[in-house]
Amino acid sequence: MIPDRTIPTTCPFCGVGCQIQLNIVDERITSVTADFALAPNYGQLCVKGRFGTDFVHHPTRLTTPLIRKDIEPGKPFAKARKASSLTEDYREATWDEALDLIADTLAAIAKESGGDAIGTYCCAKATNEDNYAFQKLVRGLLRTNNVDHCARLCHAGSVAGLMRTIGSSAMSNSIEEMENLEAFIVIGSNTTYAHPVIALSLKKAVERGAKLILIDPRRIELADFATLWLQQRPGTDVAVLQAMAHVIVHEKLYDADYMVMHTEGFEAYAESLAQFTPEWAEKVTDVPADKIRQAARWYANANAASIYWGMGVSQSTHGADNASALVNLAMLCGHIGKYGGGLNPLRGQNNVQGCSDMGGLPNVYPGYQPVSDESVRAKFQEAWGVDLNPSNGLTAVEMVHAAEHGDIRAFYIMGEDPMTSEPHLKHARHSLANLDFMVIQDIFANETALYAHVILPAASFAEKVGTFTNTERRVQRVRPALNPPGIARPDLDIICDLAARLEKRLGVHTRQGWDYASPSSVWAEVGQVASDFKGITYERIEKVGIQYPCPDESHPGTVFLFEEGVPSGRGKFWPMEFTPPVETPDELYPFNLSTGRVLFHWHGGTMTRRSVLNEISPEPVVEINPADAARIPAQSGDLVRIASRRGEVVARVEVTDRSPIGTVFLPFHYVEAAANLLTLDELDPTAKIPDYKNTAVAITPAEEHDWELVLH
């Protein structure tokens with residue numbers, strides 16, 4: 001079929017940032033293709049990018065603002081509570097009515113209780129321009145730094161561990177380097193499912209002779225490509241990595257020249273490793289000592305080696321330590337600041353990197369400039385023309401706890417779904433029911449939307465202008481191929497309209513105002529306040545994106561970071577102790593539960609479960625090792641009840657040796673078996689991220705009628 005038009009844009013799913021072409025016939029996306037000449041994917045697409053964008057046409061798209069039926073002008077209204085349905089509990093409203101209600105209520109709360117009584121979530125699926133404007137509204141008008149997003153629940157451990165050691169949390173190398181690697185470690189990343197196009201490049205590297213050291217408890221697909229697979233006990237990453245470091249120091253395999261020039265604290269760190277012998281680690285992790293030694297030697301002896309990791313490293317109460325342990329290894333061997341050598345957290349969502357870059361975090365302005373730094377704050381006060389709050393805001397999980405105690409009275413949530421993503425969901429639901437006011441801005445009515453007082457319909461990626469930043473720091477164009485459904489609007493338009501109304505009610509006026517000529521005007525403002533982006537313009541990335549840092553328009557962008565040293569001046573070796581997970585299996589809850597992704601779905605399933613992909617993977621399946629299945633007992637296709645100390649779900653069984661004995665795996669995409677009803681909300685003390693990989697559960701057989709009850 002010949003398309004009416006073909007629109008180049010950026011894929012809305014993972015952090016690879018594949019360049020795609022939306023082929024439009026009769027105002028519908030009929031196919032998705034890719035240009036073989038364009039980075040970063042060079043024509044390759046995964047199943048989600050090629051077949052999953054039909055969600056934009058789903059009949060449940062939000063098309064008009066909605067307000068709770070029991071809200072009457074000028075009268076008090078009830079706290080947040082879960083609605084029965086959109087049709088029963090909401091009525092359609094005009095944009096003026098909805099935005100006036102939001103502006104009136106948020107302004108009243110800010111005046112009565114201060115801006116810190118309002119919590120906000122920006123969005124890793126929205127554009128850079130959307131997120132910049134959102135955090136500017138929150139900080140400049142509401143005067144709070146209570147702004148966070150899903151990075152808190154994905155890579156906050158990585159960010160904390162990287163920042164305290166080298167002063168930068170971005171992926172240091174590029175996708176183009178992967179096929180030419182000499183050696184590399186993959187740890188805590190099911191790359192073939194979470195970042196399939198990157199996985200293709202890593203497999204090519206192995207085919208060309210690269211040594212792949214895989215560190216993962218599960219037998220993921222990359223285990224078939226690994227030169228060496230270290231199958232550690234869940235929650236023992238630090239023990240494996242410390243033992244590898246012990247070998248490198250004990251055998252003097254380290255790069256002394258690099259350490260003298262670029263690091264500090266080696267002596268104290270080396271002394272701290274004395275106890276972490278490979279033999280000790282074998283007892284703790286079940287990984288043979290000889291394998292640990294071999295992995296250390298291969299990594300250390302390479303001319304250049306990279307480390308790639310995912311949420312298996314960061315989603316832990318020891319997430320910051322896990323990441324710092326990886327940094328220690330890289331600094332020991334001088335595998336930083338070179339082509340094919342670096343530290344690479346693989347970012348999950350399409351713009352989670354950009355959302356963080358734009359200041360979608362409670363402790364930093366755009367460009368990771370600290371809100372607590374007086375000189376930085378003065379710079380932004382001058383740029384925006386408003387007074388700013390000097391205190392760090394609350395993180396996502398902390399905002400939920402604050403709502404329970406009444407310290408947070410309102411939530412404004414753009415494109416996030418905490419009622420799916422938060423740990424210990426029973427507690428989260430209880431907390432949100434204590435809110436005086438909640439606003440949801442999204443393309444669909446997700447689980448959280450049913451608690452809202454006002455729901456605002458937003459445009460999807462295929463209906464607006466902007467930029468996304470992929471996992472390798474590449475800023476790329478997003479272009480509209482369709483009109484939004486009904487009277488839905490782009491997020492940026494909604495934010496600016498609301499901001500103008502808030503200014504009038506709060507008597508606060510920003511220097512530039514909110515009447516931006518276009519999203520490119522917002523991007524230009526980003527470059528004025530954050531120098532890493534100053535040289536990137538819409539014109540320069542019309543065809544191919546540019547990797548920041550890019551300080552001026554003559555700069556080509558930065559393929560790999562830290563060639564001249566790390567941002568902190570000297571990398572800091574970080575001694576640490578090993579501590580086991582907060583919750584481990586016992587007699588009552590004898591299995592360890594790990595959560596994650598399947599190939600055909602994405603995060604909370606808001607988009608992919610409304611696409612043709614849901615026909616391939618329509619219901620939740622829990623992976624159970626054959627030995628464990630015999631104990632339960634259960635066979636593939638059976639239903640089981642999975643219970644933790646916090647809740648229970650029902651799911652179908654897949655008996656497989658992908659999961660080791662004693663560990664079961666449940667994907668987190670399915671609201672009907674919400675994995676986070678089971679997980680605990682203990683946090684990493686530094687990163688404030690919960691542990692989604694170690695939950696003690698019991699498993700018992702269930703019946704078909706149990707599943708029918710879940711569905712209805």
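Rings of Phe, Tyr and Trp (its six-membered ring) pair if their centres lie within 6.5 Å, and a pair counts as stacked with planes under 30 degrees apart, edge-to-face over 60 and tilted for the rest. By this rule, the count here is 17 aromatic pairs. Keep in mind that this is a predicted model, where local features need pLDDT of at least 70, side-chain atom pairs count only at pLDDT 80 or more, and totals for chains, interfaces and linings use all residues. Residues are numbered from 1 along each chain as its sequence is written, and side-chain values use heavy atoms, with hydrogens and water left out.

Take Phe77 and Phe437: their ring centres are 5.8 Å apart and their planes sit at 45 degrees, so this pair is tilted. Phe77 is in the loop between β4 (66-68) and α2 (86-89), while Phe437 belongs to strand β17 (residues 437-442), so the pair ties together parts 360 residues apart in sequence. Helices (H or I, at least four residues) and strands (E, at least two) are DSSP runs, numbered from the N terminus. Phe437 is buried (under 20% relative accessible area) at 0%, whereas Phe77, at 25%, is partly exposed (between the buried cut-off and exposed, over 50%; 1.4 Å probe, protein chains only).

Elsewhere, Tyr132, Tyr365, Phe380 and Trp384 make up one aromatic cluster.

Now for the helices. Helix α5 (residues 156-166) packs on helix α14 (residues 319-333) at about 45 degrees, with axes 7 Å apart; axes are lines fitted to C-alpha atoms, for helices over the stretch in contact, and angles run from 0 to 180 degrees between N-to-C directions. That makes α5 oblique to α14, the class left after roughly parallel (under 35 degrees), roughly antiparallel (over 145) and roughly perpendicular (65 to 115).
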